[in-house]
Amino acid sequence: MLGLFKKYKNLKIVLFFSLLLVFAGLFLNNEYYFATASIFVINSLLITSLMMVIGYAGQISLAHGAIYGIGAYTSAILTTKLGAPFLLALLASALAGFLVSLIVGAPSLKLRGHYLAMATLGVGEIIVILFQELDFLTGGVNGFVGIKPAEIFGYSFVNLTEYYALVSVIAVSILAFLAIFVDSKIGRALRAIKSSEIAASSLGLNPSFYKLMVFGLSGAVAGSCGSLYAHLDRFISPSTFSVSFSVMMVAMVIVGGESSFAGSLAAALIFSLLNEYVRQFQELSQFLFGLGLFLVAIYMKGGIGNIGKIFPAKLERVKRSEAS
Amino acid sequence: MIETLIQLLISGAVLGSIYGLIGVGFSVVHTATGAINFAQGEFAVLGAFLAISLTGADLPHFFAVIISPIVLTLFVVLLFRIFLTRVADDALYLVVATIALSLMLKTLLLYFWGREPIGLSSPFQGKTLNIAGLMLGYDQLLIIAGALIAYIFLLFFFSKHPAGKAMKAVVEEKEIAMASGLNPALYQGVAFAFGSLLGAFAGCLVAPVSMLSYNSGGLLGLKGFASAIFAGLDRPERAVFGGIILGVIESLVVLFVPSGFKDVVALIVLLIVLTLKPEGFLSGGRKRLA
Amino acid sequence: MNKKHRFILTISILILVLLLSLTSCAKKETNKTEERKPEVYKIGVILSLTGAGSPLGIPERNALEMLADEINGKGGIDGIKLELIIEDDQTDPAKASQAARKLIEKDKVIALIGSSVSPCSLAIKEIVARYGIPWMCPSAANAITEGDIKWVFRTAPKDAVAVEALLNYISKNTKYKRLAILHDSNAFGQSGADEIKKRSVDFNVEIVSIEKYETNAPDLSSQLTKIKQSNPDAIIVWGTNPGPAIAAKNMKQLGLNIQYFGSHGIANKKFIELAGDAAEGVIFPAGKILVADQLDDGDPVKEYMLEFASKYEKRFKEKPVTFTAHTYDALNILVESIKKAKSIEPEKLREAIESTKDYIGLDGTIDYSKEDHDGIGIDDLVIVKIENGKWIKLQ
């Protein structure tokens, strides 16, 4: 068991995360808190999966929100319109996320940096427009009403406490898989490609294949997140999956630290709690959110995940100034 | 039919000039910092609102349109000096800071100028030019002219003026630039301020034609970014044409597809162009060394 | 991964599953609303105060605060004060549903009011259906009062009503037969356009072209040029500021001189201000509050509206708009129902609201019944024309 944790460093973080979820589950006492916690778990998965694209593959995607939406709509349509069981819909959402994400990732084979950002943004935008326009399927701009609750073997997860448990189990399994993935042979290959594509190709690695694989994997995770979200709120509408949400996701990954599991999870926690906290300030809600993000961006360069590295440096500086 | 086509072409050029004017701001900031300024759209709205307030204080229209971008530029210089220098050398964090900035600016715009859209009443209000049945408002004409002026000015600035050349050098050959005594932080600040100046200028030109609200920045920014990318970020002045092409496509496409899918077609064209020419349609090609 | 690792991983996940299912079994006792008299009446408010919906949300909030202060100034409801807990959903349905959960589960409000735009309200509908508390809704989508309507009561005119009022006017009072539609792509514009298309047959008019634009689009000339090609008798523009104003200006500039019909989304001074000369002659349906001073003296709502308008203007230094009426009436009906029910038990309060009859409010006369939770009918709307920058009541 210990050997496993030694080999896959990030598993420790996932274990800590799952303990946190269990602990939270024991102390929370109403459905609002459980819903908030579930959203936090979904955001954690979303941000971590995008972090893989940015941090491990060195690519960018501004379509993550749209793929999240693909998952949500797939699950909503399958369960509510076609009566498919939840677990099947969840898998289908992951598959849909995977496939669409390959399309989003395809430009990465040719484009770099901001050009890639624009291309992914374009695909994301097109997807959101389709959510709006294909109203016979999606309910159009008004949204998809009356999504069925998640149901497994005849047991219906209407109660949000139970649904939180379900979301947590699914999320922890996915996170554990991702943690193992990044430190597997494939993960190491990815890092090699990120540092030098030319050197990696000379080792016989095919950069295009690996890049697309990360896009696909992250899309599959985002797709399942969408399914989990759709059965939580049981109502979805296009604006939730807009470009601004994708931009915010990228910001969260950067805030958390480009290739840090712990940072992504911490960013997800801050993001989810801040969202809940600022709502009561009415017109000031967006300002306060922006201010929080601004301060983090300016004063926490390197990401929250690197917070440990910031403090020693500061201490040293203090010591030095005392000495002089 | 042919008349409709030409009319759509003109509408597209106007719309595109708006996009392009905002787009050049993106490229200029990118030139020196390597970052994308997500608050560019909000800067444009802020510039327009300042001008509206100035004309509200009985200042002549042209005066307001000149003063407002300058005031905004000073504000941005201060903002950069105080906060953004800390992250100027790291494009990623600069990007996040501008995302945060756009959220905060929106609230400030809402607080000071209210929730409803406002328009700038220009002296040319309602005056139209009728060329053989084709209608073109003076204000629309002014937008196209403004875009062309911005193009010529930037073309000169980046190819002839030493400051323009230095600005480009700061990102392209950072070490060399620093060794030859250039201060990157300074040029980054200048580029940022310059970008906001262009944004505010764009806002002032747009405001008489289309009323802006505190919330308009997002859409303007998105289209501006697309124009800049269309043209290629390495040639800031060409974003004007990137915008015009985008605007014309959006406008003409309305003839053939339901207008709900107008943006889908424009984006697909953009994607195809990017696949064919990964550094932008109008870029100078891969001149930079890896 | 070798076999051993895989085994350990499976085991640890299983343990987690167990732990988590335990947490769910250890559910806390469900909180029942006590029948004791509360110290304050808490009312949850969810409105779009930022984002695209803010031109609706802010006046809606203002009206609520004004009314709550007034009621509390008079000592509250039988000595118990009102407390509004206001949340901003940022025009995002996902945030609206979280806000609804918080207000119901954490703050234990006795009723909900909100939200400003239809998608946010539809999101709230799911939550309200789960927890079962009375909910007053000020937004327009037809779907809000379709299906399960047990807990929802609407004070705004739904899309269908506003469209019917306008089409009714066009078919009876004008001879326009070929209509073009230009609409916002947001929920308000889209539902309006869909409704017009659906009802056009009933009113014997033909829709010759439909074009849409994105909210905040800077220029609408290309859509209008295409509309011009279809050669319509008149155009219906369905949206909220600034789109309809830009359309009016662009039409003038393109020389498209046909009758302009608007929606109740332009029932505000802002439209006239933005469109300037181009606003002249525009005809649209609106709540009576817009032209309260021109109502017949016999109209029961006239006095009440004028009084409200002067109070509102005094406090907020702006004219009330149609939206202010929706939430004002919502809170008033709630307060009346609390008095009537003498209880805050959800079911009793709900029954009290449902039995509202001939309530005279700012939106008009509101009646609810078991089958009908839409308070506003076609009689509560008027058709207004803009002449010399002023609203003139036509019908």
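**Reading the interfaces of a predicted model**

Author: In this predicted model, 39 residues of chain B are in contact with 35 residues of chain C.

Reader: How much area do chain B and chain C bury between them?

Author: The size of an interface is often given as the accessible area lost when the parts come together. For chain B and chain C that area is about 3,000 Å², with 57% of it on carbon and sulfur atoms.

Reader: How many salt bridges are there between chain B and chain C?

Author: Three salt bridges are counted between the two chains. One of the pairs is Arg115(B) with Glu318(C), where the closest N and O atoms are 3.0 Å apart. Polar contacts are counted separately: 13 residue pairs across the interface of chain B and chain C, both residues at pLDDT 80 or more.

Reader: Which elements of chain B supply at least two residues each to the side that touches chain C?

Author: They are α1 (2-33), β2 (134-137), α9 (217-231) and α11 (262-276) of chain B. Of these, α1(B) gives the largest share, seven residues. Sorted by class, that side of chain B has 19 nonpolar, 15 polar and five charged residues.

Reader: Now a single residue. Is Asn37(B) buried or exposed?

Author: The cut-off for buried is under 20% relative accessible area. Asn37(B) has 0%, so this residue counts as buried. Asn37(B) sits in the loop between α1 and α2 (40-56) of chain B. A polar atom of the Asn37(B) side chain lies 2.9 Å from the backbone nitrogen of Ala39(B). Leaving aside residues up to four places away in sequence, Asn37(B) touches Phe26(B), Val29(B), Phe43(B), Thr98(B) and Phe192(B).

Reader: Into which domains is chain C divided?

Author: Domain 1 covers 40-158 + 305-377, and domain 2 covers 160-293 + 382-393. Their C-alpha centres lie 28 Å apart.

Reader: What area is buried between domain 1 and domain 2 of chain C?

Author: An interface within a chain can be read by its area too. Here the two domains of chain C bury about 1,400 Å², carbon and sulfur atoms giving 74% of that. On the domain 1 side, Lys158(C), Met305(C) and Thr322(C) supply 33% of the area buried against domain 2, more than any other three residues. The contact involves 14 residues of domain 1 and 14 residues of domain 2.

Reader: How many salt bridges and polar contacts are found between these domains of chain C?

Author: There are zero salt bridges, and five residue pairs are in polar contact, both residues at pLDDT 80 or more. The elements of chain C that give two or more residues to the domain 1 side are α4 (118-131) and α10 (302-316). The largest share of that side, three residues, comes from α10(C).

How values were computed:
Residues are numbered from 1 along each chain as its sequence is written. Chains are lettered from A and ligands numbered from 1 in the order in which they are written. This is a predicted model: local features need pLDDT of at least 70, side-chain atom pairs count only at pLDDT 80 or more; totals for chains, interfaces and linings use all residues. Side-chain values use heavy atoms; hydrogens and water are left out. Contact means heavy atoms within 4.5 Å. Buried area is the accessible area (1.4 Å probe) that two parts lose on being put together, summed over both. A salt bridge is a side-chain nitrogen of Lys or Arg within 4 Å of a carboxyl oxygen of Asp or Glu. A polar contact is a pair of N or O atoms within 3.5 Å; within protein, one must be able to donate a hydrogen and the other to accept it, and residues adjacent in sequence count only if both atoms are side-chain atoms. Helices (H or I, at least four residues) and strands (E, at least two) are DSSP runs, numbered from the N terminus. Ala, Val, Leu, Ile, Met, Phe, Trp, Tyr, Cys and Pro count as nonpolar, Asp, Glu, Lys and Arg as charged, and the others, Gly among them, as polar. Buried means under 20% relative accessible area, exposed over 50%, partly exposed in between (1.4 Å probe, protein chains only). Domain bounds come from an automatic or database domain assignment.
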